[in-house]
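This briefing is intended for a reader who has the sequence and the coordinates to hand. The points below are grouped by topic.

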Amino acid sequence: MSILECRALSKSYGAKAALSGVDLTIEPGRIVGLLGPNGSGKTTLIKLANGLLTPTSGEILIDGRKPSRATKAIVSYLPDRSTLPGWMSIAQALDYYGDFYADFRRGVAEQMLMNLGLDRTQKIKTLSKGMREKTQLILTMSREAKLYLLDEPIGGVDPATRDYILRTIISNYSEDAAVIISTHLIADVEQVLDEVVFLREGQVMLHESVEQIRDEKGKSVDELFREVFRC
Amino acid sequence: MLSKLIKHEFRATGRIMWPVFLGMLALTALMRFSQLLLNGGHIHWLLQLIGVLLVIGFVLGLFALAFAPLVLSACRWRDHVLKDEGYLTLTLPVSLHQLLISKLIVSAVWYAAAFIVGLFSLLIAASGWSAFQYAPDLFSDVFTAFFGMDVSLRGHALLIVFELFCNFVFAVSAAELVVYAAYSIGYSFNKHKELWTVILILVFFELAQFTAIAMIGLFIQTFPDTWISLDASNVPTGIELLLLWGMLGELLFCVIGYAVTWFFTTKKLNLE
């Protein structure tokens with residue numbers, strides 16, 4: 001069974017269509033790049049998968065079910081912003097995840113935090129932007145989820161932090177899980193992707209494996225993206 | 001999951017409420033101390049000014065105490081659900097019903113605590129610490145009076161206490177839910193979210209006042225005998241009916257507030 005399935009999925013904000021008639025299937029065990037320029041509908045798709053938005057028409061299924069409490073228990077989501085309350089300490093954030101997510105591996109999270117040299121008593125608000133993003137990524141990837149939805153995980157961080165984030169993603173997701181990474185920084189993520197989905201104005205333009213793109217088109221994903229989305 | 005939500009809600013709100021309670025008690029003690037000094041004869045004008053300011057601060061503190069749980073709960077709903085934290089909160093494997101109920105329970109507990117702290121503060125302000133030595137006598141007097149009552153009156157008294165308790169819970173919940181509803185609608189707009197929220201809060205509370213007046217009128221019309229021939233025999237029944245009527249009104253606002261909040265948070269959520 002596919003882990004994520006969209007059937008004629010559409011979402012409009014008033015008169016403006018953010019997604020229109022998206023048909024998409026993602027299988028477990030794949031790292032998928034959700035690529036497209038700003039405003040192409042990447043974040044909307046991820047929000048729909050998380051149940052933060054409801055579709056205007058069509059449906060989105062996670063592991064065969066509509067977004068619900070049950071699907072939230074198997075989806076690990078990294079939003080494109082800092083969502084941990086500033087007053088919380090890192091230890092309290094670990095408690096929070098541990099209390100609500102049965103698949104949270106506290107030991108793994110603590111080990112990763114220790115490697116970063118973070119003090120567990122430190123408040124989230126005292127962390128730098130980069131450290132906050134790393135902490136949030138560690139919490140997200142410390143779950144043994146079936147689907148990881150990472151919205152712009154490397155946006156707005158320095159190259160060294162990007163490498164750290166990508167290493168963390170690759171070394172922590174389970175083989176049976178799917179990872180969807182939404183980004184427009186293609187060159188940085190290309191090395192870790194199995195498949196790519198190109199979104200343009202709310203529609204899927206292309207859904208192919210990275211290998212196919214390289215073998216059949218003789219191009220890197222970054223080159224193909226620049227070609228397809230040339231202004 | 002409800003118990004975990006409650007635990008984390010207490011953790012998040014306790015860091016504000018405990019200092020508020022401690023601050024209020026400290027302010028009361030200071031005010032009482034200054035009053036004792038001021039009663040002691042000729043006092044420097046500066047100390048007198050400080051004493052007056054402490055009394056004003058005490059009164060303002062009581063008002064703040066009365067509104068603190070509601071204000072905190074409203075801000076918490078905004079920050080925890082409708083702003084960036086909402087990305088985390090609304091993707092937890094819990095239902096919105098559990099989330100709402102946890103917030104209402106925690107808020108009701110803080111209201112009860114604020115009521116007790118307010119009562120303590122008033123007692124200290126009115127008669128000082130020495131008044132507390134009479135507290136056990138007060139309780140024993142209440143018990144003696146209760147068991148000295150006629151059996152039928154005892155039933156009425158218990159029912160009235162129960163209804164007062166329910167009224168307290170429903171009133172607190174209705175106020176919270178109306179504010180949550182205003183926030184949920186206000187934050188569904190793309191612009192001027194806070195302004196919309198403030199306008200909606202004012203409109204909703206105005207509507208609540210009109211409804212309360214209409215319900216009182218309806219009550220008098222529905223049960224005219226209770227009030228026209230008011231005598232000792234039907235006073236308890238009249239109070240019970242009035243409290244029940246009040247509860248119905250509060251429940252109505254709870255249901256409307258809950259439904260609006262639920263609808264706008266699930267169907268019209270507009271996280272940035």
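This is a predicted model, in which local features need pLDDT of at least 70, side-chain atom pairs count only at pLDDT 80 or more, and totals for chains, interfaces and linings use all residues. Residues are numbered from 1 along each chain as its sequence is written, while chains are lettered from A and ligands numbered from 1 in the order in which they are written. The model scores ipTM 0.86 and pTM 0.84.

**Hairpin in chain A**

- β1(A) and β2(A) form a hairpin with 2 residues between them, and A:Gly14 in the turn has a positive phi of about 65°. Helices (H or I, at least four residues) and strands (E, at least two) are DSSP runs, numbered from the N terminus.
- The two strands, β1 (residues 4–13) and β2 (residues 16–26) of chain A, run antiparallel and are joined by 7 bridges; two strands pair if DSSP finds at least two bridges between them.
- A:Tyr13 stands opposite A:Lys16 in β2(A).

**Helix α4 of chain A**

- Within α4 (residues 106–115) of chain A, the residues A:Ala109, A:Met112 and A:Leu113 are buried. A residue is buried if 20 or more other C-beta atoms lie within 10 Å of its own, exposed if 12 or fewer, and partly exposed in between, with C-beta atoms placed from the backbone.
- Seen down the axis of α4(A), the buried residues fall within an arc of 100°, so they line one face of the helix; the arc is that of the directions from the helix axis to the C-beta atoms.
- The face turned away from the buried side of α4(A) carries the exposed residues A:Gly107, A:Met114 and A:Asn115.
- The cover over the buried residues of α4(A) includes α3 (90–100), α5 (129–141) and α6 (159–172) of chain A.
- Just after α4(A), A:Gly117 takes a positive phi of about 75°.

**Nonpolar core**

- The largest nonpolar core has 110 residues, of which A:Leu147, A:Val179 and A:Ile180 touch the most other members. Such a core is a set of buried Ala, Val, Leu, Ile, Met, Phe, Trp, Tyr and Cys residues joined through C-beta atoms within 7 Å.
- Helix α6 (residues 151–186) of chain B contributes the largest share of this core, 12 residues.
- Leaving aside neighbours within four places in sequence, A:Val179 is in contact with residues including A:Ile31, A:Tyr148 and A:Tyr173; two residues are in contact if their C-beta atoms, placed from the backbone, lie within 7 Å.

**Strand β8 of chain A**

- A:Leu199 lies in β8 (residues 195–200) of chain A and counts as buried because it has 24 C-beta neighbours inside 10 Å.
- A:Leu199 and A:Lys42 are 157 residues apart in sequence, yet 7.1 Å apart in space, C-alpha to C-alpha.
- Not counting residues up to four places away in sequence, A:Leu199 touches A:Leu34, A:Gly36, A:Ser40, A:Gly41, A:Lys42, A:Val204 and A:Met205.

**Chain B**

- Chain B has 9 helices and 0 strands.
- Buried residues make up 26% of the 272 residues in chain B.
- Chain B averages a pLDDT of 86, and 94% of the residues score at least 70; pLDDT is the predictor's confidence in each residue, from 0 to 100.
- Among the elements of chain B, α8 (residues 224–228) has the lowest mean pLDDT (63) and α3 (residues 86–89) the highest (92).
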